Amino acid sequence: MPSSQPKIKLENLIKIYGQNPQRALKLFQEGGNRDNILEATGNVLGVANVSLSIEEGELFVVMGLSGSGKSTLVRCINRLIEPTSGQILIDGEDVTRVDQERLREIRRTKVSMVFQRFGLLPHKTVLENVEYGLKMCGLPLAERHEKAQHMLDVVGLHQWANYAPSSLSGGMQQRVGLARALATEAPILLMDEAFSALDPLIRREMQDELMRLQSELKRTIVFISHDIQEALRIGDRVAIMKDGHLVQVGTPEEIVTNPVDGYIAAFTQDVNRAQVLKTGSIVRQTVPFILGKGSARAALDQMQGNALTRMHVVDRHGKPIGILNQAELQNAVTSNVQDVESVMSTDFPVVKASTSLEEIFHLARFGVPMAVINRSGKFKGVVEQSDILASIGRLSNDKADVPQALSTAV
Ligand SMILES: Nc1ncnc2c1ncn2[C@@H]1O[C@H](COP(=O)(O)OP(=O)(O)OP(=O)(O)O)[C@@H](O)[C@H]1O
C-alpha cells in the first residue's frame with residue numbers, strides 16, 4: 001500500500017570526521033565552514049546539516065564534485081558511516097537509534113548497497129554471483145535459483161549463467177552486478193558511482209538499463225554521481241552538494257531552468273537543455289473544440305474569441321482527433337458547411353508531455369502545432385516550433401549577450 005511518508009528522510013544530518021567532532025560541531029553551529037573548522041580542530045566537515053526527503057519509487061541522484069560529501073551522505077543512510085548528529089528515517093524508523101541487530105536486519109532486508117566495481121566474486125559463476133545477495137537474505141536454494149535466472153534474463157545475460165565473471169566483458173560484468181543488486185528484495189538501493197568505470201557507450205546503455213528496470217521494479221534508488229549529464233539524464237530528482245552542503249534539490253528541469261545560484265548555473269551551462277526539458281514544461285494551454293458540442297459556426301466563434309488561427313479538436317474523452325485552420329473554417333462557414341469533422345485535418349503531430357524536446361524537435365518541420373497529451377492521452381495544449389527554439393536557448397537574462405541589431409527581436 002503506498003504510504004504518504006517519505007521512504008528516506010534525513011533531518012539536519014551532520015558528519016564530522018576526526019578526533020574531536022564535538023568541538024568541531026560547536027564551531028560549525030557557530031557558523032564555521034569546512035576550511036576554518038579544519039584549521040582550528042583538524043576535523044573534516046563531511047556533511048553539513050543536510051535535510052532532505054526521498055520518496056518511494058524515486059531514482060534520486062546525489063551529485064557534486066569530488067570531496068563534496070556525496071559518499072558520506074549516502075553511507076550515513078545505512079550507517080556504514082556513523083553520523084555525528086541528526087536523524088535518518090527509513091519508513092519512519094530512526095536508524096540512528098536502532099541497535100546493531102536491527103541495523104543488520106535493515107541492511108539485509110531493506111537497504112542494499114552497490115559499489116563502483118560491483119565486486120563480483122571471481123570463483124563463482126555468473127549465476128552464483130547473482131544468487132549471492134539472495135543467499136544473504138536466507139532464501140531457499142530453488143527460489144534463489146529461479147530469481148537469479150529471471151534477473152539474468154532481464155539484463156540479457158541468461159546464456160552466460162554458468163560462466164566465470166572473467167569470461168565476460170567489463171560492461172557485461174556490470175550488468176551482472178546490477179542483476180545481483182536488483183535480484184534482492186531490498187526496496188532501497190544505494191548505488192555509489194556505479195557506472196563511472198565504464199566507457200561512455202556502455203555507460204549510456206547501463207543508464208538506460210537502470211531506468212528501464214526501475215520503471216518495472218519501482219525500487220527507491222539513491223545514486224551517487226559526479227557527472228551532471230548522468231545525474232540529469234537518469235534522476236527523477238537531483239541533489240547537488242558542495243563542501244558538505246546541499247546546494248539545490250530539484251527535478252532536472254528545475255535545476256536547469258531555475259538554478260538557485262551561480263554555482264549551479266555554471267554546473268549546468270553546458271547541459272543539453274533539449275534533452276533535459278520535457279514537452280510538458282513548455283506546453284501552451286489552449287481550449288480545444290469538443291467534437292459534437294456545436295457546429296462549424298460555433299467552432300469559428302470559439303477560435304475567434306480566443307484569437308487563434310489554429311485550434312485542435314478533441315473527442316468526448318478529451319483525446320485530440322483533428323486540427324482546424326481559421327481561414328478554411330471561415331470558408332466552410334461561408335459556404336454553409338455545418339459539420340466540423342469535414343473541415344478539420346487529421347494530419348498533426350501528437351506528443352506526450354513527458355517526452356524530451358530533443359525527441360520532438362523533428363516534428364516541428366511539419367509546421368503544424370503539436371498536440372500535447374498527458375499520461376491518459378488527454379489534450380493538454382500545444383507546442384509550436386517557436387516554443388521549442390525559445391526554450392532551448394541558453395538561460396540568459398543578460399541582453400548584453402544579444403547583438404544590438406537583434407535585441408529588439410528578442
Ligand atoms: N574517513 C575519513 N576521514 C577523514 N576525512 C574523510 C573521510 N572520508 C571522507 N573524508 C572527507 O570528507 C569530505 C567528503 O568526502 P566524501 O568521500 O563524502 O566526498 P565525495 O563527494 O563522495 O567525493 P568522491 O566523489 O571523491 O568520492 C572530503 O573532504 C573527504 O576528504
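**Note on the predicted model**

1. Strands β3 (residues 59–64) and β8 (residues 220–225) pair in the parallel sense, over five bridges. Within this pairing, Val-62 has Ile-224 of β8 as its bridge partner. The model is a predicted one, and the points below should be read with that in mind.

2. β3 and β8 belong to an open sheet of six strands, whose order is β6-β7-β8-β3-β9-β10. The pairing in this sheet is mixed. At the edges lie β6 (111–114) and β10 (245–250), each of which pairs on one side only. On average, neighbouring strands of the sheet are turned by 20° against each other, with direction ignored.

3. Next, the ligand. The residues around the ligand are Tyr-17, Val-44, Gly-46, Gly-64, Ser-66, Gly-67, Ser-68, Gly-69, Lys-70, Ser-71, Thr-72 and His-226. Which element gives the most to the shell around the ligand? That element is α3, with three residues.

4. Sorted by class, the shell around the ligand has nine polar residues, two nonpolar ones and one charged one.

5. On the scale of the protein chain, the domain assignment gives two entries: domain 1, made of 57–76 + 99–272, and domain 2, covering 280–391. The centres of domain 1 and domain 2, taken over C-alpha atoms, are separated by 42 Å.

Technical notes: Residues numbered from 1 in each chain as written. Predicted model: local features only at pLDDT ≥ 70, side-chain atom pairs only at ≥ 80, totals over all residues. Near = placed C-beta within 6 Å. Helix = DSSP H or I, 4+ residues; strand = E, 2+ residues; numbered from the N terminus. Nonpolar A, V, L, I, M, F, W, Y, C, P; charged D, E, K, R; others polar. Pairing = 2+ DSSP bridges. Axes fitted to C-alpha atoms, helices over the stretch in contact; angles between N-to-C directions. Domains from an automatic or database assignment.
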